[in-house]
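I set out to record how one chain is divided and how its parts meet. I then looked up a single residue and its surroundings.

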Amino acid sequence: MKQTIEVLNQLERDGVVGRYAIAGAIAATFYIEPLPTYDLDVFVIIKTTPGKLISLTPIYARLKELGFKPHREHVVIHGVPVQFIPVYDRLSEEALSEARAVEYDHTPTRVIRPEYLLAIMLQTARPKDLVRARLLAEQAKMDAAYLSKLLRRHGLTRDWRELKRRAR
Amino acid sequence: MKRYAQQRKLLNRLIRAKAARRRELAALPVEEKIGIVIALQRLQSGILRSTGRRSRSPWRIAP
């Protein structure tokens, strides 16, 4: 995965993406027990020119130059299927801007904070997201005040209370 | 109900042990956890294929 992260860093250095951070199950795995997944989800800010639609084409084109071909919704980069997810709302945009700088095998990268992962899981609310949200709540070290403010800001406090009630 | 009291005690002990194991896993370095993710992919893929279901390929990387 180190080599995959190095390519992500290169995309950022080259200016193909504005900023990126690891999201999804792999991000959660930074904080809790390993979660089964086949994708490395990456939140990205895509640089756009005014009047043009947001597109993943520049990312795919640069990756193609580097020898990695897109396959359906992802690109396999050094053996890891990477799915690029442009930030899609205020919550995901904030999650990316607040992402933590970490190291993976001595390679710098960024990972979404656990509080934001939890909020996104509550927002998407698929059954597997809710299971993962519970695991995060049980195992991840989170800043309770930070989480509370964040959930309030995005109207997710009730969903959080409901999840905790069901977990009892 | 009394009949199963011992079994329930044993089950609770097992559940507590599982929870402790999960906390231990959560505390591992992330590089080791990614190794476990790949092992899970291989396990899942093997089960799916052996039961005639389609499966995605496990990551072909050194963790």
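**Entry 1: domains.** I noted that chain A is divided into domain 1 (2–113) and domain 2 (116–167), with bounds that come from an automatic or database domain assignment. The model is predicted: local features need pLDDT of at least 70 and side-chain atom pairs count only at pLDDT 80 or more, while totals for chains, interfaces and linings use all residues. Residues are numbered from 1 along each chain as its sequence is written, and chains are lettered from A and ligands numbered from 1 in the order in which they are written.

Entry 2: I found the C-alpha centres of domain 1 of chain A and domain 2 of chain A 23 Å apart. Twelve residues from domain 1 of chain A and eleven residues from domain 2 of chain A form the contact, where contact requires C-beta atoms, placed from the backbone, within 7 Å. On the domain 1 side, helix H2 (24–29) and helix H4 (90–97) of chain A each supply at least two residues; helices (H or I, at least four residues) and strands (E, at least two) are DSSP runs, numbered from the N terminus. The largest share, three residues, comes from H4(A).

**Entry 3: one residue.** I looked up A:Gln83, which is found in strand S5 (residues 80–86) of chain A. A:Gln83 is partly exposed, because 16 other C-beta atoms lie within 10 Å (buried means 20 or more, exposed 12 or fewer, partly exposed in between, with C-beta atoms placed from the backbone). The C-alpha atoms of A:Gln83 and A:Asp41 are separated by 4.9 Å, although the two are 42 residues apart along the chain.

Methods: Two residues are in contact if their C-beta atoms, placed from the backbone, lie within 7 Å.
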